[in-house]
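Please look over the sequence and the structure before reading on.

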Amino acid sequence: MSDAKTDGPDEDRGEDTGHASRGGSDRDNPEKPDDGANGEESEDDPDEDEDAKKKPSIFRKPLFWIILIVVVTVLVVFGVLYWLNARQFESTDDAFVDTHIVRIAPQVGGTLVKVADVDNRHVEAGTLLGVIQPTGPEAQLAEAQANVTQSLAQVAQARAQVTAAVAQRNQAAAQSRGPLATAVKAEQDLARYQQLAQIDRAAVSSQQLDQARATAGSTAADARAARQSVASAGAQVLVAERQVRAAQAVVGARRAAAQQAQVTIGNLSLQAPVAGQVVNRSVNLGSYVGPGTQLMALIPDNLWITANFKETQLTLMRVGQGVAITVDAYPDVKFLGHVDSIQRGAGQAFSLLPAQNATGNYVKVVQRVPVRITFDIKNGPDPRHYAIGPGMSVIPTVKVR
């Protein structure tokens, strides 16, 4: 029991000694941070807060304000320069290539016996595009030509009748000279007998006077008959001349019929009316076509641009002003052009159902006005050398100042 009592105090002193040693080690290392509360005190060190407060703000640095002033100045300068440059131009993306598309259609019906293989190819004016099989038109042409020949023969016959009528008139005139002369002589003899009878009744017997009167009456009747014969012959000449004119009119009518038949024959051949590219062919060899049936389309070489500018963009726009053209299909090619014309009226005024603004629910909308722009092929690229056609999108920029 004495040993147990002795050991107890010694153990207590050992534990005290351990605490003391640990406390001494802590005092020997005062810079070692403790966990828990001691660590939190180190994070809220007042010295560090004071150091942070002593750092100058970025807004107090002169370099920051110098850079800011330079950047703002550059932006203002570039903005002013851009505005001064942009105000010289008017542009729109509501623009497209345009032209008058030629629709190739026959005027007569029939079967196609020839169709040129010219899809998407350029052809010159007069190029044969198709041929319709000839049937009735050729017979009509032959008949019309025969009628012309017949009418020409009738004209010749009528002219011969005129010649005969003129000869008869001349003959009647020659034959009328005798009776007319006899009538004049008988009239003169009667006048002499009557004058003598007035001077001296015995100078002329009554029998002589009666015979002179009878002779004068007979010869006067013959003269009237001769005159009527001449007049009748002259009328025959007029009739013959009118027959000639009638026959000539028949010739003209039959020649017109022959020409119509010839036109019909010509319509059997379909030719390109202008130079351009053939597109949208819808028929083949052996197809039956009727009058007005569209066979193909022809895009002429004459292209232009229809640009729908806002009405507020037309203030300074004038005919002849230069235009820079950008085609969406060729963004790297800068085409040149000029303003050809400006339509007098907004596009909505020519629509199928124009807006009626007097209904009481009017809302003002900026309207678009079509402007025609022509390519300048002398000073810029030629659009005919590129695959450019109607409907393709472009962006024209007009220099208005």
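Predicted model: local features only at pLDDT ≥ 70, side-chain atom pairs only at ≥ 80, totals over all residues.

A hairpin of two residues leads from strand 12 to strand 13.

Strand 13 also pairs with strand 14, which covers residues 368-375. This pairing is antiparallel too, and it has five bridges.

An open sheet is formed by four strands in the order 7-6-4-9, with antiparallel pairing. Its edges are strand 7 and strand 9 (288-289), each of which pairs on one side only. Strands of a sheet pair through backbone hydrogen bonds, in either a parallel or an antiparallel sense.

Strand 4, residues 110-115, and strand 6, residues 128-132, are linked by three bridges in the antiparallel sense. One point of reference here is Val 115, whose bridge partner in strand 6 is Gly 130.

## The largest pocket

Rolling a probe the size of a water molecule over the atoms shows where empty space is left. The largest pocket has a volume of about 280 Å³. It is lined by 16 residues, and those closest to its centre are Gln 277, Ile 299, Arg 384, Tyr 386 and Ile 388. Two elements give two or more residues each to this lining: strand 8 (276-279) and strand 10 (296-300).

By class, the lining of the largest pocket consists of eight nonpolar, five polar and three charged residues.

## The second largest pocket

The second largest pocket has a volume of about 150 Å³. Its lining includes Arg 103, Ile 104, Ala 105, Pro 106 and Gln 107. Also in the lining are Gly 266, Asn 267, Ser 269, Leu 270, Gln 271 and Pro 273. Strand 3 (102-104), helix 7 (206-267) and strand 7 (269-271) are the elements that give two or more residues to it.

Which element gives the most to the lining of this second largest pocket? Strand 7 does, with three residues. The lining of the second largest pocket holds five nonpolar, five polar and one charged residues.

Note on methods. Residues numbered from 1 in each chain as written. Heavy atoms only, no water. 1 Å grid on protein atoms, 1.4 Å probe; cavity = no way out; pocket = protein on both sides within 12 Å on 5 of 7 lines; lining within 4 Å. Points joined across faces, edges and corners; volume = space filled by probe spheres on them. Nonpolar A, V, L, I, M, F, W, Y, C, P; charged D, E, K, R; others polar. Pairing = 2+ DSSP bridges.
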